[in-house]
Amino acid sequence: MSSVLSYESLVHAVAGAVGSMTAMTVFFPLDTARLRLQVDEKRKSKTTHMVLLEIIKEEGLLAPYRGWFPVISSLCCSNFVYFYTFNSLKAVWVKGQHSTTGKDLVVGFVAGVVNVLLTTPLWVVNTRLKLQGAKFRNEDIVPTNYSGIIDAFHQIIRDEGILALWNGTFPSLLLVFNPAIQFMFYEGLKRQLLKKRMKLSSLDVFLIGAIAKAIATTVTYPMQTVQSILRFGRHRLNPENRTLGSLRNVLYLLHQRVRRFGIVGLYKALKPAAADVLTAALMFLVYEKLTAATFMVMGLKSTRKH
C-alpha cells in the first residue's frame, strides 16, 4: 500500500501532467487540424498548414486554439491518473527489480483502463467544445451550443442521458493499447540506452519518446478516428446504431469509412497526427527533466528501476 500511496508516484504523476500540458499547448493547432479531418469526413485532406490556414480564414485567428482550456484540463487529469497508476503498479509489481517489456505492457494496459473509465466524460466534453463553431462540410453533423465546460456537462446529461458522457468508451478501451505500446517501447528503448551510458541526454529522451509514440499511433490510428467521431457524438447515425460506443457502432463506422474512402480512409489525417508524435516526445522530455529536478531538489533518489 505504501508503494501505491508514495511520494515518488505523486512526483511522477505531477511531472507527467505538467509535461503533457506543456507539449499539448505547443502543438495544439496541429491537433486541431487532425481532429477536424477525422470528424468532418467531407473535408478534403490537405497539407497540415493548408488546413490550418483554411480554419483561420473561415473561423478567425484564434480558431486553431478553440477548446484549449477544456483539452488542457482533461489532459492534466488524464495524465495525472495514468502516470500515477502506471508508476504505482510498477512499484508494486517490480519491487525494486529491473522491469521487463511484458510487465511494462501489462502495467500500461491496466493504467490505461483505469484512466479511460475515470476521465472519458472530460474528453467527451472537450471534444464537443473544441469542435463548437467549426465550419463543417458534412451536413450530417448537428451543431452544438455550449457556454462552457459545466454547461456542456449539463446539456449532454439533460438531452442525451448520463451515459452519453462515456461515448466512445469501447474504442477508448481498445485504444489503451496505444499508451501501453508507447510506454512499453519507451521504457524498453530507455533500458537499452542506459546499458551503454550513465544518463540520457535531452535528445535521447526526445527521440525515443517520438519513436515509441510513432509506433503506437500507426498501430492504433483507425480506432483513434472512430473514438473522435463517437466522442463528438453529433453525427446523424442511422436508427439501428444509436447506442454510441457499442461494438456494433464501432464496426459500422469503420465499415462506412472504408466504403467511402477505401482502406486509406482509416488513416485520414494521419499526417497531422504527427503532432501526437511531437507532443509525446516533448511530454517525455519535460517529464524526465521535471522528475529528475524534483528528486534532486528534495534530496531523494528514485527507487524505481527501469
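User: Which residue does glutamate 59 meet in a salt bridge?
Analyst: Arginine 66. The two side chains meet at 2.9 Å, N to O. A salt bridge here is a side-chain nitrogen of Lys or Arg within 4 Å of a carboxyl oxygen of Asp or Glu. This is a predicted model: local features need pLDDT of at least 70, side-chain atom pairs count only at pLDDT 80 or more, and totals for chains, interfaces and linings use all residues. Residues are numbered from 1 along each chain as its sequence is written, and side-chain values use heavy atoms, with hydrogens and water left out.

User: Is glutamate 59 buried or exposed?
Analyst: Buried, with a relative accessible area of 15%. Buried means under 20% relative accessible area, exposed over 50%, and partly exposed in between (1.4 Å probe, protein chains only).

User: How many salt bridges does the count come to?
Analyst: Eight.

User: What does arginine 191 pair with?
Analyst: Aspartate 104. Their side chains form a salt bridge of 2.8 Å, N to O. Arginine 191 sits in helix α7 and aspartate 104 in helix α4, so the pair ties together parts 87 residues apart in sequence. Both arginine 191 and aspartate 104 are buried.

User: And arginine 197?
Analyst: Arginine 197 forms a salt bridge with aspartate 204, with the closest N and O atoms 2.7 Å apart. Arginine 197 is partly exposed, at 35% relative accessible area. Aspartate 204 counts as buried, at 13% relative accessibility.

User: Which residues do salt bridges with shared partners join into one network?
Analyst: Lys90, Asp104, Glu187 and Arg191.

User: Switching to the fold. How many helices and strands?
Analyst: Ten helices and zero strands. Helices (H or I, at least four residues) and strands (E, at least two) are DSSP runs, numbered from the N terminus. Of the 306 residues in the protein, 52% are buried. As for contacts between residues at least 6 apart in sequence, 80% join residues at least 24 apart. Contact means heavy atoms within 4.5 Å.

User: At what angle do α1 and α2 pack?
Analyst: About 85°, with their axes 9 Å apart. Helix α1 covers residues 7-39 and helix α2 residues 48-59. The axes are lines fitted to C-alpha atoms, for helices over the stretch in contact, and angles run from 0 to 180 degrees between N-to-C directions. α1 and α2 are therefore roughly perpendicular to each other. Angles under 35 degrees count as roughly parallel, over 145 as roughly antiparallel, 65 to 115 as roughly perpendicular, and the rest as oblique.

User: Which residues make that contact?
Analyst: From α1, Pro29, Leu30, Thr32, Ala33, Arg36 and Leu37. From α2, Thr48, Val51, Leu52, Ile55 and Glu59. By class, the contact of α1 with α2 has seven nonpolar, two polar and two charged residues. Ala, Val, Leu, Ile, Met, Phe, Trp, Tyr, Cys and Pro count as nonpolar, Asp, Glu, Lys and Arg as charged, and the others, Gly among them, as polar.

User: What about α4 and α5?
Analyst: The axes of α4 (residues 101-131) and α5 (residues 149-160) come within 10 Å and cross at roughly 105°. That makes α4 roughly perpendicular to α5. Pro121, Leu122, Val124, Val125, Arg128 and Leu129 of α4 make the contact with Ile149, Ala152, Phe153, Ile156 and Glu160 of α5. By class, this contact of α4 with α5 has nine nonpolar, no polar and two charged residues.

User: Where is glycine 112?
Analyst: In helix α4. Glycine 112 is buried, with a relative accessible area of 2%. Leaving aside neighbours within four places in sequence, glycine 112 is in contact with Tyr82 and Val176.

User: What does aspartate 276 touch?
Analyst: Asp31, Arg34, Lys213, Thr217 and Gln224, not counting residues up to four places away in sequence. Aspartate 276 lies in helix α10 (residues 274-297). At 13% relative accessibility, aspartate 276 counts as buried.

User: Last topic, confidence. Which element has the lowest mean pLDDT?
Analyst: Helix α9 (residues 247-261), at 76, while helix α7 (residues 177-194) has the highest, at 91. pLDDT is the predictor's confidence in each residue, from 0 to 100. The protein averages 81, and 84% of the residues score at least 70.

User: Over which residues is the pLDDT below 50?
Analyst: Residues 238-245. Beyond near neighbours in sequence, this stretch has 16 contacts in the model. Where pLDDT is low, the predicted coordinates should not be read in detail.
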